[in-house]
Amino acid sequence: IMELKEFVEVFAEQFDDTPVEVFSEKTDYQSLDEWSSLTALSVIALVKESFDKKITGAEIRSCQTIEDLYNLIQTK
């Protein structure tokens with residue numbers, strides 16, 4: 001099982017131009033300049049690959065922080 005700290009790290013890898021130091025469990029990822037629908041698709045693929053779980057764009061939009069997203073995945 002992936003811990004929150006590790007999830008933050010792999011989540012940060014989905015961003016090419018945002019410094020890794022920006023990311024923590026409390027990061028409001030949708031407010032980042034680099035956040036886009038393409039990044040959301042990368043996150044959906046990441047969740048499928050890492051957790052073998054399916055999340056939707058609407059579920060991603062319903063979360064505010066990386067920790068919120070992590071908690072949502074844990075309940076799937």
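1. Contact here means heavy atoms within 4.5 Å. By that rule, F7, V10 and F11 in α1 meet V43, L46 and F51 in α2. The contact of α1 with α2 is made of six nonpolar residues, no polar and no charged ones (Ala, Val, Leu, Ile, Met, Phe, Trp, Tyr, Cys and Pro count as nonpolar, Asp, Glu, Lys and Arg as charged, the others, Gly among them, as polar).

2. A word on the source: this is a predicted model, where local features need pLDDT of at least 70, side-chain atom pairs count only at pLDDT 80 or more, and totals for chains, interfaces and linings use all residues. Residues are numbered from 1 along each chain as its sequence is written, and side-chain values use heavy atoms, leaving out hydrogens and water.

3. Helix α1 covers residues 4–12 and includes E9 (helices are DSSP runs of H or I, at least four residues, numbered from the N terminus). Its partner α2 spans residues 37–51, and the two pack at an angle of about 135 degrees with axes 11 Å apart (axes are lines fitted to C-alpha atoms over the stretch in contact, and angles run from 0 to 180 degrees between N-to-C directions).

4. E9 is partly exposed, at 41% relative accessible area (buried is under 20%, exposed over 50%, partly exposed in between, with a 1.4 Å probe and protein chains only).
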